[in-house]
Amino acid sequence: ELYSSVGKLHDVFQQLRADESRPLLKHLITQQENRLDKIKSLAKTLRELSGQEIRDPEFTVHHPLDAFRFIRNHSIIFNITTTEMLKEIHLYKQGRIVIESLLKNITIIGVDDLKGIIRGILEIQITYDLTTKDMANGKFGSLKVEPLSAAECQDIMVVAYLEKRYDTAKEWFNMAVNKMDEEGDRMTTTPLSLLTRAAEASATTGNYLEAVHWYSEIVAIEPNSRYHKYKLRVSKKMLDEYNNSPNQDQKTLNDLENRFIEGCQGKVPRLLGPVPKRLYCDFDDNGHAFLLIQPVRRELISLDPYIVVYHNVLSKKTIMSIREDFKPRVTNYGIGGQYFIHADYFDDMHQLDNRIATFMLYMSDVEMGGGTNFPYVPEVVYPQMGSAVFWYNLYPNNTSNQLTKHGGCPVAIGDKWIANIWIRLNGNEFTKPCPLDANEKSWTKYMKREREWSKRGR
Ligand SMILES: O=C(O)CCC(=O)C(=O)O
Ligand SMILES: [Fe+2]
């Protein structure tokens with residue numbers, strides 16, 4: 001027995017001498033050190049995400065690209081970081097509790113918000129005809145912001161695909177690839193993962209031409225991928241079927257929609273008549289005692305339909321309290337937020353509560369975009385904090401005036417706050433002029449000054 005145990009010891013010495021366990025231990029320690037480094041860097045990212053900016057009560061994001069980055073950081077990046085963190089510390093109950101409670105707090109911003117802001121950015125890009133290059137470099141509007149990263153461009157590309165904006169998507173795809181080259185070792189995505197997303201997005205949205213294009217590129221890079229070869233075959237087949245099918249519905253914008261977009265871009269061709277010789281501005285009191293002392297500055301925008309802007313009708317202080325107190329009744333447009341062409345009247349002319357007129361208060365300035373666009377007129381009224389726009393939706397004979405159709409242009413930079421006051425038929429039976437002629441379509445007939453204006457033309 002002694003012999004055998006000495007023999008065992010001998011083995012042990014042998015083993016220790018062989019130095020086999022030392023590299024293993026060293027490796028284990030390095031592994032733990034790397035893990036700790038990773039935890040530290042994840043913790044740093046998390047700290048930065050919930051950093052300075054949000055704790056500052058004055059913090060807001062003004063520029064759409066800043067808003068995009070903020071939302072992206074607080075949805076995707078936060079989720080990735082916390083998931084990674086959980087993987088690293090899942091053995092420690094205490095740590096798990098901390099991370100899980102962090103995760104619970106951040107359900108306010110999600111992937112849908114990210115998609116939403118990207119849709120907004122695309123809306124801005126398309127309506128205002130901005131180049132992908134300028135946008136990706138943070139150059140639009142008067143402010144310059146941090147350029148976008150390859151991964152950020154990629155996210156925009158994916159949403160552009162989902163929105164079926166293929167040309168725009170392709171531009172963002174190229175931009176992401178260029179940026180990846182620039183970023184070198186900081187790159188977070190590979191061209192292959194970009195291509196795969198592009199291909200999947202086009203296939204799922206039914207753009208088989210694009211899908212064939214992307215899958216061909218993937219197969220060229222990865223000739224051994226059976227999956228991608230299969231997808232390429234399927235896309236080709238679908239493309240054939242599509243090309244041979246009779247109804248290929250392509251959405252083309254109609255004239256009015258084109259005119260709306262041109263209006264938002266500042267190109268407003270006049271269609272209804274000659275450019276008025278002069279701007280019609282005056283002080284209006286409307287016979288009201290209070291307004292006799294302090295008349296309102298009025299600007300005539302159009303006679304038919306009758307549209308006027310009243311300047312400086314509300315003070316900033318009043319506006320702020322309305323924005324706060326009547327939140328549910330005021331509209332606050334987000335970035336890229338728009339309201340497409342519509343009418344404020346109801347088509348059924350027998351509706352008792354039909355809206356004779358709209359009085360819309362602007363409760364903020366908007367740095368870029370956000371005009372109220374009347375494509376038939378055509379005129380665009382730009383928001384100015386404290387001013388209001390007024391127009392008649394109905395003719396004096398209570399029929400609807402389709403020339404009053406209007407919409408809100410996308411907000412490119414800034415924040416748009418409005419409040420609508422609709423003047424209804426119901427309740428105004430004794431105030432609304434009652435035309436003797438059932439076909440009466442002119443409001444200006446009832447207004448002394450406007451009658452003179454209309455005689456001068458337009
Ligand atoms: O946002 C705008 O300028 C127009 C809004 C509008 O037309 C409405 O709220 O009915
Ligand atoms: Fe409206």
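**Sheets, ligand shell and helical core**

Strands E5 and E11 run antiparallel and are joined by two bridges. In this predicted model, Tyr 339 has Gly 408 of E11 as its bridge partner. The two strands belong to an open sheet of four strands, ordered E5-E11-E8-E9, in which the pairing is antiparallel. Strand E5 (339-342) and strand E9 (379-381) stand at the edges of this sheet; each has a single partner strand, so one side of each is left without a neighbour in the sheet. From one strand to the next, the twist averages 15 degrees.

A further open sheet is formed by seven strands in the order E1-E2-E3-E10-E6-E13-E4, again with antiparallel pairing. Its edge strands, each pairing on one side only, are strand E1 (280-284) and strand E4 (331-333). Thr 358 has Trp 391 in E10 as its bridge partner.

The residues around ligand 1 are Thr 331, Tyr 339, Asp 344, Thr 372, His 406, Gly 408, Ile 418 and Asn 420. Strand E11 (406-408) and strand E13 (416-424) each contribute at least two residues to this shell. Classified by type, the shell comprises two nonpolar, five polar and one charged residues. Tyr 339 and Gly 408, both in the shell, are the bridge partners noted above.

Helix H8 (residues 150-162) has 13 residues, which at 1.5 Å a residue should span 18 Å; the end C-alpha atoms are 19 Å apart, in agreement with that expectation. H8 is mostly covered, with eleven of its 13 residues buried. Among the buried positions are the charged residues Glu 152 and Asp 155, as well as Cys 153, Met 157 and Tyr 161. Just after H8, Lys 164 adopts a positive phi of about 65 degrees.

The largest nonpolar core contains 46 residues, and those with the most contacts inside it are Cys 153, Met 157, Trp 172, Ala 176 and Ala 198. Elements that each supply at least two residues of this core include helix H4 (64-89), helix H6 (111-127), helix H9 (166-183), helix H10 (191-204) and strand E12 (411-414). H8 gives the most to the core, with eight residues.

Technical notes:
Residues numbered from 1 in each chain as written. Chains lettered and ligands numbered in written order. Predicted model: local features only at pLDDT ≥ 70, side-chain atom pairs only at ≥ 80, totals over all residues. Expected span 1.5 Å × (residues − 1). Buried ≥ 20, exposed ≤ 12 C-beta atoms within 10 Å, placed from the backbone. Near = placed C-beta within 6 Å. Pairing = 2+ DSSP bridges. Core = buried A, V, L, I, M, F, W, Y, C linked by C-beta atoms within 7 Å. Axes fitted to C-alpha atoms, helices over the stretch in contact; angles between N-to-C directions.
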